[in-house]
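Please have the sequence and the model open side by side, and go through the points below in order.

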Amino acid sequence: MKTKLISIIIALFCITPLLIFCTMALAADLTDANVKSYQEQIQDVTKKIEAAQKQLESIRSQQSEAWYEIGVLDELIALNVQQKELAQLQLDSLTEQIKTTRESIADTESLIEKQEKAFLDRMAQNYMDEDIDNIELLLNSENLVDFLTRMDRVNAILEYDQKVIKQLSDNKQQLEIIKAKLDESEALQMQRVEEYSKIISEKEAISAEKYSFIQNLEKNEESAYQSYLYYKKLDEQLNKELEEYLAELQRKTQSAYVGGNGGWPLEAGVYYYVSSEQGWRNLWGSQDYHLGIDLACANGTKILAFNAGTVLKSEYHWSYGNYVLIDHGGGISTLYAHMSQCTVQVNQYVQAGQLVGYCGLTGSTSGYHLHFEVRENGSVVNPRNYLVFP
């Protein structure tokens, strides 16, 4: 019996420190640094959005050039996209935190149950095997010293039982506090979901505002023509820069083409149509050389890398909007323009078919589409020489 009793007491001492450790770990504030960091970034972007909106109101009150207004609308779209992404990251972080906390709570509840069972088993065993009283201790003692020693052991066991009972009570109270914190965190998560939905609505509203503005602009031929001349100049300037940059890059690297026929730059199965071919076209009564092919498709359509390669540019341009330039080796490069956002970074290596952005309305455009270019040693060529149309 004594061996069994000692084993149970040792087991209890082993369980208690682990339980206390888990409880202390769970007692930490559930709203961790990552969640707070995302909230601070969201607030910072919100201030930028407010500043851009004030700038837009000022531009309209002064009746400034249409292209400048388009540029500010693009900035608002980009900021709203950024805010939406931050809200999603914050939501993901909070969701993972709640999941981890639930798992810890389950572990702690299991430990408390084991500790309670061990304690109750020991108390039952004591009652059944050895109902100790002072007379029995005295009769079984060899002398007074032996009696006092036995009494000290009994008192120690009783004192330890009191500590175990208190620890069980404290652990249960702590668990209730943790559960309350979890409820608060889940309430915060629901609030973030609502904010996330609001951000998406605001982004869509800004995009719709720009689209409406462009449609109204086209009704005013003089304003539309002046905007066309402005963006044409920007296109020519960027085209020259890209020609020189890509030609010099190939001269330096002498890289080989990654190989393969390449793939379709839009997500599979999406509806599209060619709204403008590469080459000469008549625009506003003038001959205009279009550097790429325009694939009209729905807003938000996934834009995919034509082939594997290294991202050379991932940035915003007043005419091209958000665009990505990828080097495929051998002097072959592709460009993707007017995206609502770019999802790759400069110097990143991408695989064929990897997501590089989403179809949007940024830059100089009259509707949602992907402007797709293929360049050989910097010079544009007809994308139809490379694309296999679905």
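**Notes on the model**

1. Let me begin with Arg375. Beyond its neighbours within four places in sequence, Arg375 is in contact (heavy atoms within 4.5 Å) with Asn239, Leu242, Glu243, Leu246, Leu291, Tyr320, Gly331, Ile332, Ser333 and Val380. Arg375 lies in strand 11; helices (H or I, at least four residues) and strands (E, at least two) are DSSP runs, numbered from the N terminus. Arg375 is buried, at a relative accessible area of 1%. Here buried means under 20% relative accessible area, exposed means over 50%, and partly exposed is in between, with a 1.4 Å probe and protein chains only.

2. What does the side chain of Arg375 reach at 2.8 Å? The backbone oxygen of Gly378 is reached at that distance, and a polar contact of 2.8 Å joins the side chains of Arg375 and Asn239. A polar contact is a pair of N or O atoms within 3.5 Å; within protein, one must be able to donate a hydrogen and the other to accept it, and residues adjacent in sequence count only if both atoms are side-chain atoms.

3. A word on the ground rules. This is a predicted model, so local features need pLDDT of at least 70 and side-chain atom pairs count only at pLDDT 80 or more, while totals for chains, interfaces and linings use all residues. Residues are numbered from 1 along each chain as its sequence is written, and side-chain values use heavy atoms, with hydrogens and water left out.

4. Next, confidence. The mean pLDDT (the predictor's confidence in each residue, from 0 to 100) is 74 for the chain, and 61% of the residues reach 70 or more. Over residues 1-30 pLDDT stays under 50, and the model has 49 contacts there beyond four places in sequence. Residues 59-64 are also below 50, with 7 contacts in the model beyond near neighbours in sequence. Where pLDDT is low, the predicted coordinates should not be read in detail.

5. Now the overall picture. The chain has 6 helices and 12 strands, and 42% of its 390 residues count as buried. Among contacts between residues at least 6 apart in sequence, 72% join residues at least 24 apart.

6. Ser333 is one of the contacts of Arg375, and Ser333 is found in strand 8. Ser333 counts as buried, at 2% relative accessibility. Leaving aside neighbours within four places in sequence, Ser333 has contacts that include Leu246, Leu325, Ile326, Glu373 and Val374.

7. Which residues touch the most other members of the largest nonpolar core? In this core of 23 residues they are Leu266, Ile303, Ile326, Tyr336, Val356 and Phe372. Strand 4 (293-297), strand 7 (321-327), strand 8 (332-342), strand 10 (355-359) and strand 11 (369-376) each give two or more residues to the core. A second, separate core of 11 residues includes Leu242, Leu246, Tyr323 and Leu325. A nonpolar core is a set of buried Ala, Val, Leu, Ile, Met, Phe, Trp, Tyr and Cys residues joined through side-chain atoms within 4.5 Å.

8. Leu266 deserves a look of its own. Outside four places in sequence, Leu266 has contacts with Tyr272, Leu295, Cys297, Thr301, Lys302, Ile303, Leu304 and Leu370.

9. Strand 4 is largely enclosed by the rest of the structure, because 5 of its 5 residues are buried. Ile293, Leu295 and Cys297 point one way, while Asp294 and Ala296 point the other way. Strand 4 runs antiparallel to strand 1 (residues 272-276), joined by 4 bridges, with Val274 partnering Leu295. Strand 4 also runs antiparallel to strand 11, again through 4 bridges, and there Ile293 has Phe372 as its bridge partner. Strands pair if DSSP finds at least two bridges between them.

10. Finally, two loop residues to check. Most residues other than glycine have a negative phi. Asn347 has a positive phi of about 75°; Asn347 is in the loop between strand 8 and strand 9 (349-350) and counts as exposed at 66% relative accessibility. Asn377, with phi near 50°, lies in the loop between strand 11 and strand 12 (379-381) and is partly exposed, with a relative accessible area of 42%.
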